[in-house]
Amino acid sequence: MNFLAHLHLATLAESSLLGNLLADFVRGNVQAQWPAPVAAGIALHRRIDVLTDNLPEVRTARQWFRPETRRVAPITLDVIWDHFLARHWQQFQPDISLAAFSEAAQQHIVPQLAGTPESFIELNAVMWRERWFEHYAEPARLERVLRGMAYRRPRLAALRDSYQDFVDHYDALEALFFAFYPRLMADARAQRL
């Protein structure tokens with residue numbers, strides 16, 4: 001899962017949005033570094049990552065990547081899942097628009113940014129200003145996202161080429177997302193994540 005899905009599941013689980021968004025930016029003993037709700041949100045994010053990576057649907061999806069992009073398939077899939085969530089947002093969350101959800105998340109997270117890593121603060125400045133979540137619904141946006149990630153992390157240059165795997169298997173990937181994401185939503189609501 002990427003940013004949007006983590007925030008969506010955190011909302012359903014009544015977990016810290018800051019912690020769930022911050023998780024990839026912090027290391028070490030988070031219980032000693034962050035207030036209990038934020039540390040619990042970080043822990044939830046990490047459990048979701050492990051759970052998702054081990055879902056049979058996600059393992060199947062990884063096999064659809066070409067040999068030259070398979071190594072980065074987990075990263076690409078995280079972005080792909082956010083695309084499908086954004087594209088079908090009203091089906092998964094009919095009571096609030098994606099724009100309103102994004103605005104609410106921003107209003108909750110931004111006042112808490114003091115004391116977080118500089119790279120996280122920079123991400124937030126760009127993410128909210130450019131309305132990333134609403135744009136995730138556009139398939140071509142994923143190409144831009146993957147190219148940007150490849151540019152920032154040269155050892156992950158294969159991300160740039162993984163967009164083609166997304167295009168080649170679009171319908172099958174979408175079907176897999178519809179197979180597993182409602183289960184994650186139910187588990188989040190039931191506090192089983």
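**Reading a pocket, a buried residue and a ring cluster**

Biologist: Which residues lie nearest the centre of the largest pocket, and how many line this pocket?

Modeller: Rolling a probe the size of a water molecule over the atoms shows where empty space is left. In this predicted model, the largest pocket has 32 lining residues, and Asn2, Phe3, Met149, Arg152 and Arg153 are the ones nearest its centre. Its volume is about 1,000 Å³.

Biologist: Which helix gives the largest share of the lining of the largest pocket?

Modeller: That is α11, with six residues. Helices that each supply at least two lining residues are α4 (36-53), α6 (73-87), α9 (118-129) and α11 (139-152).

Biologist: How do the lining residues divide into nonpolar, polar and charged?

Modeller: You will find 16 nonpolar, four polar and 12 charged residues in the lining of the largest pocket.

Biologist: Let's turn to a single residue. Is His6 buried or exposed?

Modeller: Buried means under 20% relative accessible area. The value for His6 is 2%, so His6 is buried. You can find His6 in helix α1, which spans residues 3-12. Leaving aside residues up to four places away in sequence, His6 touches Met1, Asn20, His45, Ile48 and Asp49.

Biologist: Now the aromatic rings. How many aromatic pairs does a search of the whole structure find?

Modeller: A pair of aromatic rings is described by the distance of the centres and the angle of the planes. Here the search of the whole structure gives 18 aromatic pairs.

Biologist: Which residues do ring pairs link into a cluster?

Modeller: Look for Trp81, Phe84, Phe92, Tyr163, Phe166, Tyr170, Phe177, Phe178, Phe180 and Tyr181, which ring pairs join into a cluster.

Terms used. Residues are numbered from 1 along each chain as its sequence is written. This is a predicted model: local features need pLDDT of at least 70, side-chain atom pairs count only at pLDDT 80 or more; totals for chains, interfaces and linings use all residues. Side-chain values use heavy atoms; hydrogens and water are left out. Helices (H or I, at least four residues) and strands (E, at least two) are DSSP runs, numbered from the N terminus. Buried means under 20% relative accessible area, exposed over 50%, partly exposed in between (1.4 Å probe, protein chains only). Contact means heavy atoms within 4.5 Å. On a 1 Å grid over the protein atoms alone, a cavity is a set of points where a 1.4 Å probe fits but cannot get out, and a pocket is an open set with protein on both sides within 12 Å along at least five of seven lines; lining residues have an atom within 4 Å of a point. Grid points are joined across faces, edges and corners, and a volume is the space filled by probe spheres set on the points. Ala, Val, Leu, Ile, Met, Phe, Trp, Tyr, Cys and Pro count as nonpolar, Asp, Glu, Lys and Arg as charged, and the others, Gly among them, as polar. Rings of Phe, Tyr and Trp (its six-membered ring) pair if their centres lie within 6.5 Å; planes under 30 degrees apart count as stacked, over 60 as edge-to-face and the rest as tilted.
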